[in-house]
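Welcome! Take a look at it, then follow the notes below.

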Amino acid sequence: MGKEEYEELVKDCEEMKRLLESATRTEVRKVMMDAIAGMEKRMSVLTVSLNKDLQYTTLARYAWYEEAGYVKVTCDLENLKDADDVICDFQTESFCFSAVGVPDKTGKKHNYRLGVTQLHSDVKPSSCVLTKKDNKFGIKLVKQERGEEWKSLDRSEKVKQGQHKSLADSGASTEELLQNLYKNADDKTRADLSRAAFEGRLKREAEAK
């Protein structure tokens with residue numbers, strides 16, 4: 001019953017989203033959005049129930065880009081068209097894509113998942129969309145704040161920037177600020193910071209002579 005109910009909810013939700021795009025009256029749109037939110041909440045519960053005992057491989061390679069109103073995530077997944085089930089659960093702060101029963105070249109089936117538990121910023125779940133092609137999929141995340149720039153897909157860069165700003169506001173020295181940047185940086189940025197610090201030291205020594 002759970003799988004059949006989920007499939008019907010997916011169809012109802014997609015139809016409601018199409019109707020929402022053409023609706024113009026505020027109260028009508030509100031009723032539709034509340035209905036979509038209710039269906040998606042039920043779908044989320046069913047997703048957990050149906051897939052709780054499955055083993056998944058995390059999809060680590062994907063691409064993302066942003067426009068003013070949305071963020072798009074794309075990922076290649078061979079034989080996606082032959083999967084038993086493909087779903088994506090959208091929440092205000094997260095998304096979770098899962099593909100169940102994707103066959104490999106030998107016919108053996110595998111389960112895959114891609115998700116972010118803490119997105120850079122909030123999105124509108126009822127407006128987010130999953131698109132599928134033969135061997136790839138796309139996830140469109142509609143921003144709550146149109147025009148906001150996302151520094152990363154998850155919240156990590158936002159947290160780092162907040163920590164650095166707090167440190168700067170506290171009156172930290174330049175050395176302390178650089179140490180904080182170095183601690184939170186990737187390998188390339190660390191190399192750049194180390195080179196900049198070395199060149200800065202050489203310049204100061206030359207000026208002191």
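**A first look**

The protein has 5 helices and 8 strands. Please keep in mind that this is a predicted model. If you walk along the sequence, the elements follow the pattern α-α-β-β-β-β-β-β-β-β-α-α-α. The protein has 209 residues, and 31% of them count as buried.

**Contacts along the chain**

- Here is a figure for how the chain meets itself: among contacts between residues at least 6 apart in sequence, 58% join residues at least 24 apart.

**The open sheet**

- How many strands form the open sheet, and in what order? There are 4 strands, arranged as S1-S6-S5-S4, and their pairing is mixed.
- Strand S1 (57–58) and S4 stand at the edges with a single partner strand each, so one side of each has no neighbour in the sheet.
- S1 and strand S6 (residues 109–116) run parallel and are joined by 2 bridges.
- Within this pairing, Thr58 has Arg113 in S6 as its bridge partner.

**The hairpin**

- Strand S2 (residues 63–66) pairs with strand S3 (residues 70–76) in the antiparallel sense, over 4 bridges.
- Together S2 and S3 make a hairpin, with 3 residues between them.

**The largest pocket**

- The volume of the largest pocket is about 900 Å³.
- The pocket is lined by 37 residues, and the closest to its centre are Glu14, Lys17, Cys128, Val129 and Leu130.
- Helix H1 (2–22), helix H2 (26–51), strand S4 (85–90), strand S7 (129–132) and S8 are the elements that each give two or more residues to this lining.
- Which element supplies the largest share of the lining? That is H1, with 11 residues.
- Sorted by class, the lining holds 17 charged, 16 nonpolar and 4 polar residues.

- Ser152:
  - You will find Ser152 in the loop between strand S8 (136–142) and helix H3 (156–169).
  - Is Ser152 buried or exposed? Its relative accessibility is 9%, so Ser152 counts as buried, as the cut-off for buried is under 20%.
  - The side chain of Ser152 reaches the backbone oxygen of Asp154 at 2.7 Å.
  - Leaving aside residues up to four places away in sequence, Ser152 touches Trp64, His120 and Glu157.
- Ser98:
  - Ser98 lies in strand S5 (residues 95–103).
  - With a relative accessibility of 3%, Ser98 counts as buried.
  - Ser98 and Thr57 are 41 residues apart along the chain, and their C-alpha atoms are separated by 9.6 Å.
- Ser127:
  - The loop between S6 and S7 is the place to look for Ser127.
  - Ser127 is partly exposed, and its relative accessible area is 30%.
  - Between the C-alpha atoms of Ser127 and Val142 the separation is 6.2 Å, while along the chain these residues are 15 residues apart.

Definitions and conventions. Residues numbered from 1 in each chain as written. Predicted model: local features only at pLDDT ≥ 70, side-chain atom pairs only at ≥ 80, totals over all residues. Heavy atoms only, no water. Buried < 20%, exposed > 50% of the residue type's maximum accessible area, 1.4 Å probe, protein only. Polar contact = N/O pair within 3.5 Å; in protein donor to acceptor, adjacent residues only side chain to side chain. Contact = heavy atoms within 4.5 Å. 1 Å grid on protein atoms, 1.4 Å probe; cavity = no way out; pocket = protein on both sides within 12 Å on 5 of 7 lines; lining within 4 Å. Points joined across faces, edges and corners; volume = space filled by probe spheres on them. Nonpolar A, V, L, I, M, F, W, Y, C, P; charged D, E, K, R; others polar. Pairing = 2+ DSSP bridges.
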